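Hi,

Here is the structure I promised to pass on. Have a look at it first, and my notes follow below.

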Amino acid sequence: MKVDDFINYLVTEKHYSINTVTAYTIDLRQFEEYIKEVFDKSEAIDVKSDMIRDWIVYLKGNKITNRSINRKIASLRAYFHFLVKREEVEKNPLIKILPVKSSKRNPVFIMEEDMENIINMNYEDSFEGRRDKLIIEILYSTGMRKAELL
């Protein structure tokens with residue numbers, strides 16, 4: 001499988017974050033290793049839907065969470081979409097593969113009074129103190145995620 005070309009595409013053309021690229025790389029390498037061991041296949045053109053389903057069953061059997069399995073499916077789907085666009089495979093074998101059902105995480109809320117106490121704390125009168133207070137205020141007033149702030 002030509003995973004390196006795809007990873008290079010994610011970095012140079014799609015400008016994916018390093019975390020996403022790392023996750024996709026791990027997922028694709030795991031799948032590549034699985035099809036080599038189980039099906040004795042090493043080329044993307046040889047991958048069929050039933051191989052992917054078999055891998056999903058294998059992941060479930062190893063107690064991988066549905067959320068992680070869905071990310072792995074998304075990694076494969078993006079990879080095969082890339083290969084179809086480059087005309088290296090005829091069709092995406094993930095067309096018939098649906099994501100597995102996963103429960104949604106409920107958001108954790110901070111009570112308004114607690115948040116006011118955090119904002120009104122005495123922060124150091126230094127760069128770090130002003131920065132920390134600003135971070136708290138930005139997170140609270142915009143609702144952005146921690147990863148977005150970072």
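Lys63 sits in the loop between α3 and α4, where helices are DSSP runs of H or I with at least four residues, strands are E runs of at least two, and both are numbered from the N terminus. Before going on, the ground rules: this is a predicted model, with local features needing pLDDT of at least 70 and side-chain atom pairs counting only at pLDDT 80 or more, while totals for chains, interfaces and linings use all residues. Residues are numbered from 1 along each chain as its sequence is written, and side-chain values use heavy atoms, with hydrogens and water left out.

Back to Lys63: its phi is positive, about 60°, although the residue is not a glycine. Lys63 counts as exposed, at 73% relative accessibility. The cut-offs are under 20% relative accessible area for buried, over 50% for exposed, and partly exposed in between (1.4 Å probe, protein chains only). Areas come from the Shrake-Rupley method with a 1.4 Å probe, and for residues only the protein chains shown count as cover.

Glu87 belongs to the loop between α4 and α5 (112-119). Phi of Glu87 is positive too, near 60°, and Glu87 is not a glycine either. With a relative accessible area of 72%, Glu87 is exposed.

**The chain overall**

Along the principal axes, the C-alpha atoms fill a box of roughly 65 × 35 × 25 Å.

Buried residues account for 29% of the 150 residues. The chain exposes about 11000 Å², and carbon and sulfur atoms supply 52% of that. If you take the contacts (heavy atoms within 4.5 Å) between residues at least 6 apart in sequence, 54% join residues at least 24 apart.

On charges, there are 25 positive and 25 negative side chains, and the centres of the two sets lie 7 Å apart. Lys and Arg count as positive and Asp and Glu as negative, without His and the chain ends; each charge is placed at NZ of Lys, CZ of Arg, CG of Asp or CD of Glu.

**The core**

Which residues touch the most other members of the largest nonpolar core? They are Phe6, Tyr79 and Phe80, out of 29 residues. Helices α1 (3-12), α2 (18-39), α3 (49-61) and α4 (66-85) each supply at least two residues of this core, and α4 gives the most, with 7 residues. By nonpolar core I mean a set of buried Ala, Val, Leu, Ile, Met, Phe, Trp, Tyr and Cys residues joined through side-chain atoms within 4.5 Å.

Leaving out residues up to four places away in sequence, Tyr79 touches Met1, Lys2, Val3, Phe6, Leu28 and Ala44.

Arg53 is in helix α3 and is partly exposed, with a relative accessible area of 40%. Residues up to four places away aside, Arg53 touches Lys96 and Ile97.

Asn70 is in helix α4. Is Asn70 buried or exposed? Asn70 is buried, with a relative accessible area of 18%. Beyond its neighbours within four places in sequence, Asn70 is in contact with Pro99, Val100 and Ser102. Asn70 and Leu98 are 28 residues apart in sequence and 8.9 Å apart in space, C-alpha to C-alpha.

Asn8, in helix α1, is partly exposed, with a relative accessible area of 46%. The C-alpha atoms of Asn8 and Val21 are separated by 9.2 Å, and the two are 13 residues apart along the chain.

Cheers
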